[in-house]
Amino acid sequence: MVQKKIPMRMCAGCGEQKPKRELIRVVRNKEGEVSLDTTGKKPGRGVYLCPSAGCLKKAQKAKRLERALSAPIPEDVYETLLSEIEAHGE
């Protein structure tokens with residue numbers, strides 16, 4: 001039986017390559033709105049984060065999400081991300 005290739009993505013916080021399904025995606029659409037993508041299928045520019053508060057803090061401090069999406073990230077997106085990470089169970 002042929003094994004399916006697992007898509008890998010890099011975490012914006014720690015820089016590690018991990019399977020796409022394990023990461024949380026943040027997406028910017030054509031209108032410039034930034035939101036959390038729980039399905040992984042929303043259209044737009046995406047950036048991935050590990051489900052850990054440490055990676056989120058690193059990415060927020062170094063403004064890695066802003067640079068990757070070329071857009072300012074509203075504070076409520078960071079709050080939603082943090083609650084999603086806590087729900088994921090660190």
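**A look at the core**

Modeller: Happy to! With 90 residues, a compact globule would have a radius of gyration near 12 Å, and the chain agrees with that because its own value is 13 Å; the radius is taken over C-alpha atoms, and the globule rule is 2.2 Å times the number of residues to the power 0.38. Please keep in mind that this is a predicted model, where local features need pLDDT of at least 70 and side-chain atom pairs count only at pLDDT 80 or more, while totals for chains, interfaces and linings use all residues. Residues are numbered from 1 along each chain as its sequence is written, and side-chain values use heavy atoms, leaving out hydrogens and water.

Now for the layout. The chain has five strands and three helices, in the order β-β-β-β-β-α-α-α along the sequence. Helices (H or I, at least four residues) and strands (E, at least two) are DSSP runs, numbered from the N terminus.

Of the 90 residues, 32% count as buried. Buried means under 20% relative accessible area, exposed over 50%, and partly exposed in between, with a 1.4 Å probe and protein chains only. In soluble globular proteins, nonpolar side chains tend to be buried together.

Here is the core itself. The largest nonpolar core holds 22 residues, and those with the most contacts inside it are Val26, Val34, Leu49, Leu65, Ile73 and Leu81. Such a core is a set of buried Ala, Val, Leu, Ile, Met, Phe, Trp, Tyr and Cys residues joined through side-chain atoms within 4.5 Å. At least two residues each come from strands S3 (24–28), S4 (34–37) and S5 (45–49), and from helices H1 (53–61), H2 (64–69) and H3 (75–88). H3 gives the most, with four residues.

Let us zoom in on Val26. Leaving aside neighbours within four places in sequence, Val26 is in contact (heavy atoms within 4.5 Å) with residues including Val34, Leu36, Val47, Leu69, Val77 and Leu81. Across the chain, 47% of contacts between residues at least 6 apart in sequence join residues at least 24 apart.

Helix H3 also carries Ser83, which is partly exposed because its relative accessible area is 40%. Ser83 and Ala53 are 30 residues apart in sequence but 9.6 Å apart in space, C-alpha to C-alpha.

Finally, look at the loop between H2 and H3, where Ser70 is found. Ser70 is exposed because its relative accessible area is 61%, and Ser70 has a positive phi of about 55° although it is not a glycine.
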